[in-house]
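Subject: Structure for you to look at

Hi,

Here is the structure I said I would pass on. Have a look at it first, and my notes follow below.

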Amino acid sequence: MGIDRRSFISLVAGGVAGSLFTPVVWKSLDDVSIWTQNWPWIPRLQYGEELKVPALCKLGSDAYGIKVKTVAGRPVAAEGNPDHLLSMGGICPLGAASVHLLYSPSRVRNPKLKDGSSFKDISWEEAEDLLAGKIKEAGANVAMISGDETGSVTDVLAGLVGKAGSDKTFLMPGESAAASAALAMIGGDGQVGYDIENANYVLLLGADAMGSWGNVARNGSAFAASREKGVKFVYAGPAQNGTSAVADIWVPCAPGTEAVLAMGLAAVISAGGRDRSAWPGYAEFAKFVQGAYPLEKVSEITSVSAEVIKGLAQELVRAGRPLVLTSAGAGQGLGAFEMAAGMCLNLLLEQVNAVGGVRILPWSPKVVESAPDKKAMLASDLAAYLTAVADGGAEAPALLMVYGANPAYAMPNLAKAQAAIDKAGFVVSFSSFMDETAAMADLIMPDSYAFERLDDAYSPYGSGQPNYTVAAAIIKPVYDTKPTGDALLAVAAKAELELGFETFEDVVKAKAEALGADFDSMVEGSPWVGEEFPAQDLAFWATPLQEIPVAAKDGKSLALAAAVQLKVGSAKMAIPPFNTNAIRFDEMLGKDMYVLMNGATAKNLGVKKDDAVKLSAAAGECKARVRIFEGVMNDTVVAPLGFGHSAWDDFSRGKGDNVYKLLTAEAEAETGLSRYAATRVTVSKA
């Protein structure tokens with residue numbers, strides 16, 4: 001069944017370890033890529049008391065607790081927090097580089113107003129007065145985009161937009177929206193979580209747990225702890241990666257078809273003879289999966305043999321507490337029906353709201369009255385909205401406010417997203433860094449960096465239990481920045497749109513009180529952890545399922561497997577200066593990034609190692625070099641996300657190309673949700 005761990009661990013593990021620890025210098029960057037004392041923006045060593053203080057890391061798609069070592073009150077290093085349930089002592093590559101980013105040359109050091117093709121410095125009072133005036137002028141024609149779905153700053157920003165009379169409140173793409181919609185399809189309501197720690201068999205269908213899925217730091221720690229308990233991990237995906245390297249089995253599965261494999265497994269299990277006729281909606285579900293997903297059809301679509309599919313089904317049934325995680329390789333882009341395939345498979349295994357299974361968490365309490373609830377925000381499709389604005393199908397906002405997000409870089413249908421931002425009457429960025437969206441903005445009101453402000457996070461996607469973390473500021477702002485939560489409350493007051501709070505700390509305290517959590521204890525490093533899960537009345541056929549569309553193989557295009565590498569950044573963070581030392585020689589050639597394909601695919605395309613190629617899709621194109629890697633399935637190309645920045649600093653700008661340009665979003669039938677995990681591309685010599 002598949003390829004076992006030992007047969008390729010030596011091939012992959014060395015690459016994974018090397019990507020984190022081997023100091024390979026980019027020759028094209030010369031001394032600028034080396035972490036040395038020659039960097040003038042590095043703070044000088046001071047002597048004093050050494051402490052370790054709790055903090056939050058939100059640089060990836062998740063949020064988790066870390067500990068920051070300080071010397072004489074100054075942060076000098078970050079490490080995992082063994083006392084935090086979403087770290088368990090682990091830390092991601094971006095978290096490890098988080099202290100260095102405090103002094104990054106790409107930080108925006110004070111408020112800035114667009115002046116022709118550049119920016120001019122203004123005061124905070126001028127910036128707040130200007131934004132308050134723009135809010136009054138815009139009326140209800142206001143929109144917001146947030147890249148932080150866990151924090152209360154998003155609630156404040158959404159409350160300000162709601163108070164202005166607008167419902168244009170959007171979160172950046174992720175898997176929470178599809179998971180919430182999928183849960184609703186089986187009659188559930190709540191935030192979807194996964195109890196990995198208590199499962200004894202974990203099947204990861206496309207879920208790159210070590211790179212992009214859920215709580216990455218916690219996943220690594222959970223994997224390590226589970227080894228001692230004999231838990232089996234099986235990864236199904238199109239290429240060997242860091243997750244397949246630590247799994248027991250890798251099952252090669254064509255990209256974008258992992259949800260079809262879930263339906264095929266459900267068909268096999270439902271035909272097993274057990275009487276489930278009393279289960280709500282089971283008869284309709286069993287008839288559907290057995291008719292729409294016979295074994296031979298699923299095998300043809302997924303490239304997984306019938307024997308392997310039957311073997312996986314048997315193992316799931318025999319396991320006492322199996323857990324199935326369905327995801328796109330890049331941690332975004334699945335439709336609701338694709339996510340529902342995994343949800344129904346877990347329901348069939350009686351592992352929804354069960355120990356070691358899918359857990360349904362309560363929604364975050366609402367404390368800013370004028371803000372929409374989290375469920376409503378997840379239902380607002382940003383990709384569809386920006387595409388409609390670009391195409392003229394929706395009115396461009398007179399005022400667009402962007403917090404903790406970089407939609408000008410990290411969106412599907414990227415060219416249209418950029419066009420929509422450009423159409424907005426006035427764009428405000430609350431970024432700590434000069435990212436692509438900040439560079440397009442009319443006004444930058446720089447947020448204080450993570451260690452310079454009070455911050456919070458409620459139950460990041462993937463959490464197995466309800467949890468709430470609060471982190472206090474560790475250091476005073478290094479530059480003339482201001483915490484966005486406090487800046488927004490000041491602007492709201494000036495715009496005569498009172499939100500009911502004077503300071504952001506008041507907002508966080510209100511949320512803690514609503515949860516029954518102790519604010520002071522959380523600030524000192526003890527996150528609140530809930531033990532209650534909302535009761536659910538679930539049914540297989542609460543919403544009739546439909547077949548999952550799969551792009552047909554045409555002999556000309558390849559399936560695109562977009563891969564996240566946190567060491568080179570995330571949807572909101574570019575390559576940290578220190579992390580340039582972790583880029584391997586087989587990941588970049590000069591300033592060109594590599595894409596991966598196997599030898600047979602390369603031969604069919606007429607390309608060879610190091611050839612310059614162009615990848616083209618309906619949404620756009622990008623350039624790369626070819627690397628031959630036999631750990632990739634036929635007719636598949638693996639392309640790394642995180643490169644191709646046009647802003648930021650010399651460490652990330654102009655290195656590689658932006659694979660988001662290739663991700664082509666289409667509306668899912670019935671739900672209208674944007675899906676783009678099954679993008680296909682053509683590859684030609686550049």
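In helix 18 (residues 484-494), the buried residues are Thr484, Gly485, Ala487, Leu488, Leu489, Val491 and Ala492. Buried here means under 20% relative accessible area, while exposed means over 50% and partly exposed lies in between (1.4 Å probe, protein chains only). Helices (H or I, at least four residues) and strands (E, at least two) are DSSP runs, numbered from the N terminus.

Before you go further, please keep in mind that this is a predicted model, where local features need pLDDT of at least 70 and side-chain atom pairs count only at pLDDT 80 or more, whereas totals for chains, interfaces and linings use all residues. Residues are numbered from 1 along each chain as its sequence is written, and side-chain values use heavy atoms, with hydrogens and water left out.

Back to helix 18: its buried residues pack against helix 4 (124-138), helix 5 (152-163), strand 15 (399-403) and helix 19 (504-515). Contact is taken as heavy atoms within 4.5 Å. Just after helix 18 comes Glu496, with a positive phi of about 60°.

**Other positive phi values**

Most residues other than glycine have a negative phi. Two more residues to check are these:

- Ala72 has a phi near 55°. Ala72 sits in the loop between strand 3 and strand 4, and it counts as partly exposed because its relative accessibility is 37%.
- Ser303 has a phi near 65°. You will find Ser303 in the loop between helix 11 (295-302) and helix 12 (306-318), and it is partly exposed at a relative accessible area of 38%.

Strand 2 pairs with strand 3 (residues 64-71) in the antiparallel sense over eight bridges, and Glu50 has Val71 in strand 3 as its bridge partner. Two strands pair if DSSP finds at least two bridges between them.

**And Met588**

Met588 lies in strand 22 (residues 588-589) and is buried, with a relative accessible area of 5%. Its C-alpha atom is 9.9 Å from that of Asp610, 22 residues apart along the chain.

Cheers
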